[in-house]
Amino acid sequence: MSDHGTTHSDTLSAGAGAHGADSHADHAPHGGSIRTYIAVFIALCVLTSGSFMTYTELWRTHFSSHVGWAFMMAISCSKAMLVILFFMHLKYEANWKYVLTIPAGFMSVFLALMLVPDIGMRFWHYSHERLEFCALPQNTSHAAPGHAAPPAPTTAAPATNPAPEAPSEHEGK
Amino acid sequence: MSEHDPHQHSNSGHSDAGHSDAGHGHVKLEYQPALPLSNGKTIMWLFLSTEIMFFAGLIGTYIVLRFGAVAWPEPHTVHLSEPIGAFNTFVLICSSVTVVLALECARANKAAAAKGWMVLTFVLGCVFLGVKGYEYNAKFSHGIYPKLPRSQIWEKAGIRYVAAVRDRLDQVITEISTDLTVAGGPKTAEGRQQLALDTQAAEVQKKIAKFQADLKQPSDKTEGETAAANALAAENKKLDEIKAQMPLTIARDLKQRVRKVELLSAQQPALFASKNPALPPPGQATLDALAEEIYPPHHSEFTPEGDPHAMKPNPPEGINDRYPWLKLPIKISGGNMWASTYFLLTGFHALHVIVGLIVFAIMLTLTLNASRAGMIENIGLYWHFVDLVWIFLFPLLYLF
Amino acid sequence: MSITAEGFHAQEAVHAHGHAGLGKFIGTYVFSRDHKIIGIQFLFSTLLWFLIGGLLALGVRWQLAWPWSNDMPLVSKMFFAHTGGQISPEFYTMMFTMHATVMIFFVIIPILAGAFGNYLIPLMIGADDMAFPTLNMLSYWFMWPSFLCIIASFFVHGGAAAAGWTSYPTLAALQEASPGGHMGQTLWLLGVTFAGVASMLGSVNYMTTIIQMRAPGMTMFRLPLTIWAMFITAVLQAFALPVLTAAGFMQLLDRSVGTGFFLPDGATANNAPYATGGGQPLLWQHLFWFYSHPAVYIMILPAMGMVSDIIACFARKPIFGYKPMVYSIAGIAGLGFVVWGHHMFISGMNPYLGMTFMVATIMIALPSAIKVFNWLGTLWGGKIQFTTAMLFAVSFVSMFIIGGLSGIFMAATPIDIFIHDTYFIVAHFHYVLFAGTAMGVFGSIYFWFPKMFGRTMNEFWGKVHFLLTFMFLNGVFFPMHILGVVGFPRRLADPYQYETFHHLLGMNRFITYCAIGMVCSQSIFAINFIYSIFFGPVAGRNPWHANSLEWCCPSPPGHGNFDFQPIVYRGPYEYGSPEVQTDYYPQHQPPPEGAAPATERYMDG
Amino acid sequence: MGKFWSFVFFLVPVLGVGLFVVAMNFHSLPLLNHWFPEDVSASGHVIDQLFMTILVLTGVVFVATEVCLAFFLWRYDAKANRDPVRYMHGSHTLEVVWTVLPAATLFFIAIYQMNAWADAKIRQPKDAGVIVEVRGRQFEWRFRYPGPDGKFNTPDDIHWDTDLHVPVDEEVLVHLKSEDVLHSFFLPNMRVKQDAVPGMMIPVWFRPTKIGSWDLVCAELCGWGHYKMRGRITVQSRADFDAWLVEIANKQHATQADATATADAAKPAK
């Protein structure tokens, strides 16, 4: 396909025509040099040890877990960007990279986000029976007004119906 | 799926205006210039975007379940070791570098060097899997895995938990006792071991009896007696050793445990009398004590004022540590959900690693010169993606 | 334009030449890497499954018309002897579960993307085959484990899956909860996963082919709408399907290993031990519909594309608003990703989330409306030829209007409270999927049959088939709206025990009579189809005088498709162009000497 | 033949509208009573009216497009039509018009019904006359009233099954739960439907306005016996309801006493 390197204007992405034709003539090694790879490798190692730092007591004594999460996610994203840009050569590719990667990235984040109000906050709606089974909520302060905060399970007597010795009693007919 | 790619690539790479096999059409067709990519690379990127969605489904599930859960176990409770995870991250990063170096060498037509880097990549991938296997084993050996029927890991110690423990103990006792009496020999490994040990013990006992008889014989109290006495002592010791190994002993111990549970029920009638709502709720402390006896949590709480080195180097052993074959239900808050997501995410990631390794193994049989550069690039893209997934999995699973 | 009469057997002769023997036959017709053979393999397989799915539907209808009757003709004695000839409630749940599964995963999706996608994409864009022929072959053969799983599930202990095609946990995830909950449900999940892998392999291949292998001059905006629809469908599949695959694996693990993704603590059924999962049943619904809502567009977009081609061809007029058509396909696909929650309005989902999903859902009616108006615009001022293909295509438009409009009721959350899970929704999706897609597929079969087999189908019997199908399908599905308004719930083996629905038996009998008629009238199609393959009148290269590229190669096309290098000069809908004498102007036909370059004409200047 | 086929397509709107008109009329044979079941709730008419609004709106579009379609088929039949083909590729004006108009209408519809949705699912009533816990299980409905102390999970809870009793003209707040699989709490006459999800407590509310007895339907597939998971709802006057509650409470205490006695008798034997 690259034989047609001179006319790229008709591609899926309207913008794909913008890149210079000559930069992609043939499969010229358009990756970085070995030196770049080594630099990226070192950066990745440094970043990894950075996120590993959150494991040490020094970090834990100074920062709350939320800060740690944000920090680690930031580090992960930077690492991912490094890998994508240099190892996967996306830095050197034409504009098709946006068409292909942005929708996928967007959709994956969107999926997780849309699940949050329903699944990620679901323990607001736990039934009494379910709370009986699960451990104490770690922080009930999450519960917003308007949503019933889960009742503390230990204060209530066990459900009247289920009996551990005889689950068969549960059977319908 | 990715392993199709390298094969495809050879006849549909950038010289794919037509298909090379002879009988294929009369006309070699030309095409409208499109993306500046080979077909192989195009489909690899498209495939990777489907993979992004696949892992988005899995990781998204983990995130929402985790933050929607009321409790989540500490890494140490579930025997998760951050340094090992960090080491594996390092291994994968290295393999990413080696594969990209293999590509550079192949592009420069340095086939031998390319092959060398490729071998290194393969080895690193295997190391990753090995470490993963070691980690899995650490979980399995402590009974941390999802299991049917769904009673392995419990959120908290409650009356139903006690019931599950008792059910399991009953089951074990029945298994062992039926196993020992069943015609045609025992079915389980424990049973067979038991039988073998029984036979051994019987033989040793016979010997002991003989020695004892010998000793009673009036004889010249010479070396013979001392030797016999020594031999007797040795045999007695052997017997003790055998007995120590005997599952029957364990079963006896088990029965003691069961009795303990029953004693508990006598002391704490409320624990088991769930039907009577008039009684006060069962003492959570008692239940927790029981749960801790079976599977003590491996505390790793860092507190600002506490000494970080207070983390117990040798965490206390519970019944489950001493007798792993008992497979008693254990209590880990949020443990089942943790085990489900952990094994799901790492399992699918490991599957991807295995697929990559298979392709690497195939590649190692080829000469990796410039003509294979496209192929290496494609498998490299896949391998970097696998690395990418791990970059997110490591902090999410180990450090959060 | 030379029209050579090249029959079906000509191709065989080419292949048979010098290579007699079984191995060659298998290589050519069984494990073929030729996209045309694969497309036809998909077509035959899916038509066979269509029959199975239809018969399952008849079983469901029979139970609703004559509940617990023990005198079903033939079937009672053959299959239900152990229950005294009655359909057992267990079997009833299996029937509708498998009807939906078969129709969705084994008929509609593979017949559109697998059969027509495979057959038409390379031909219409001017390629000699798919970009990856072997991958393409694999995508067909990956369907087979899936077929086998589904077939086998009828014969395993406990029977087939019986948790609905949506496979909602905890009913589907707790082995003890349903009779088909043991092996049947597991096989179901495996089958769907395999079908998913097959679709996924297909879709990345289609995208690569469409992006990379277009004939010279075939710009993206000269592609026939069929190809646009196939392209967007492939995008939908590539993005949505992996999520279902992930969810399917999770449910499989819940069932077989004991994880708890979809099982809350304490869930139990039928003496099962308490689940200690900590999971969320609603999570499955989210993940499932994240795929399955885009999947309903996967199930109709290709039909929309093909119908557009057929309508333009037989109205002898350029398609009205080509670009708006393309944009509306893309719009449907884009919006299709953000509306899955409308399947879950009453599922216990966060009601605020319901509101956002409602707005998105109602807005998705917009691109559909634009498409309908454009089809009407295409018909307006044309010279309409009433061929069988055209009749089916027009009926697609007519029926899609009904299906689309009834969707607005469901999208309206307060109304959905009442009509959710009633026959109103059954009517809605059958209007879209059967009266819409299936009619579009029939039309496409009549339209592209000459290209596939070199012969044309009988027009008279085709029209009889159309008339009967059209009448009966409206007889079956239109009254279901009324049932839904009464609140008649779906998936109920015997709704008449409820006082509220007691009087609806008569209407259900009417529906069943029509359903029997509809299934029977398909025999006309079957006979016409098989007869025409062997004895139909031989068709030339371009029997319909159509424009797109597939009509310029022999019928059926040989290996490699084109016997000359096609070069594209214009869009595919230049019917009635003043530039040429004929009323059609094929894409590859060079413009006459000295002619002014073609410009697109619009009503408003 | 063109005329014939256009007539066939013309029949679609005619028969379609005809069927709805006949069904809508309560006393027209043969579709006697083939419309919404009797509305006995305070807010059911909102849903019915919304339905009718959308029915009219979509009905107009339906008839217009279908008639257009049939007319074009009639008018532009190749055999009869002598006019030349209108060679054109579309119209920007028309596209804009038929994008903006439906968009505005659809957006209006979406906004128009938000209030009804909020009333049905979001704005939980504060003045509930009775709170009852409804639990679905394979394959029956179970109900629990909080008893005199007004709290659930206490010894004086009153249990009942299959037939849900509620007082008339008072807001009924249901705590909907499931013990095993998904069920759906569907009261056709109250225009109420809500899935019951294991592990969740979902509030549902309605206000019955008429004394009588109606169906309680399970509307979500819950296994092979889904069809027989049949319940009833009985709406009573407040006095009758209270009397009924006392009656079953007494009955239950008697049975409980029996059960405790039996259990006590059984224990020493063990």
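A crossing of two helices is left-handed if the near helix is turned anticlockwise from the far one by less than a right angle, and right-handed if clockwise. By that rule, H3(C) passes H19(C) in a left-handed crossing. This is a predicted model, where local features need pLDDT of at least 70, side-chain atom pairs count only at pLDDT 80 or more, and totals for chains, interfaces and linings use all residues. Residues are numbered from 1 along each chain as its sequence is written, chains are lettered from A and ligands numbered from 1 in the order in which they are written, and side-chain values use heavy atoms, with hydrogens and water left out.

**Where chain D meets chain C**

- Chain D puts 101 residues into this contact and chain C puts in 116; contact here means heavy atoms within 4.5 Å.
- The two chains bury about 9600 Å² between them, with carbon and sulfur atoms giving 73% of that. Buried area is the accessible area (1.4 Å probe) that two parts lose on being put together, summed over both.
- On the chain D side, D:Tyr87, D:His89 and D:Trp117 lose the most area to chain C, together 9% of what that side buries.
- The rule finds 1 salt bridge across this interface, a salt bridge being a side-chain nitrogen of Lys or Arg within 4 Å of a carboxyl oxygen of Asp or Glu.
- D:Arg232 pairs with C:Glu499 in a salt bridge, and their closest N and O atoms are 3.4 Å apart.

- Axes are lines fitted to C-alpha atoms, for helices over the stretch in contact, with angles running from 0 to 180 degrees between N-to-C directions.
- Angles under 35 degrees count as roughly parallel, over 145 as roughly antiparallel, 65 to 115 as roughly perpendicular and the rest as oblique.
- H15(C) passes H1(D) in a right-handed crossing.
- Among the residues making the contact are C:Leu391, C:Val394 and C:Met399 from H15(C), along with D:Trp5 and D:Phe9 from H1(D).
- By class, this contact has 7 nonpolar, 2 polar and no charged residues. Ala, Val, Leu, Ile, Met, Phe, Trp, Tyr, Cys and Pro count as nonpolar, Asp, Glu, Lys and Arg as charged, and the others, Gly among them, as polar.

**Where chain C meets chain B**

- Chain C brings 69 residues to this contact and chain B brings 53.
- About 4900 Å² is buried between chain C and chain B, 66% of it on carbon and sulfur atoms.
- C:Phe132, C:Gln212 and C:Thr276 are the chain C residues that lose the most area to chain B, together 14% of what that side buries.
- As for salt bridges between chain C and chain B, the count is 0.

**Helix pairs inside chain C**

- The axes of H3 (residues 35-65) and H19 (residues 505-535) of chain C come within 9 Å and cross at roughly 160°. Helices (H or I, at least four residues) and strands (E, at least two) are DSSP runs, numbered from the N terminus.
- H3(C) and H19(C) are therefore roughly antiparallel.
- Residues in this contact include C:Leu43, C:Phe44 and C:Trp62 of H3(C) and C:Ile511, C:Val519 and C:Phe529 of H19(C).
- The contact of H3(C) with H19(C) splits into 15 nonpolar, 3 polar and 2 charged residues.
- H6 (residues 133-141) and H7 (residues 143-153) of chain C have axes that come within 4 Å and cross at roughly 0°. That makes H6(C) roughly parallel to H7(C).

**Backbone spots to look up**

- C:Ser555 and C:Pro556 are joined by a cis peptide bond, with omega about -15°. C:Pro556 sits in the segment after H19 of chain C.
- Another cis peptide bond joins D:Gln138 and D:Phe139, where omega is about -10°. D:Phe139 lies in the loop between strand E1 (130-137) and strand E2 (140-145) of chain D.
- A:His89 is not a glycine, yet has a positive phi of about 60°. You'll find A:His89 in the loop between helix H3 (65-87) and helix H4 (96-120) of chain A.
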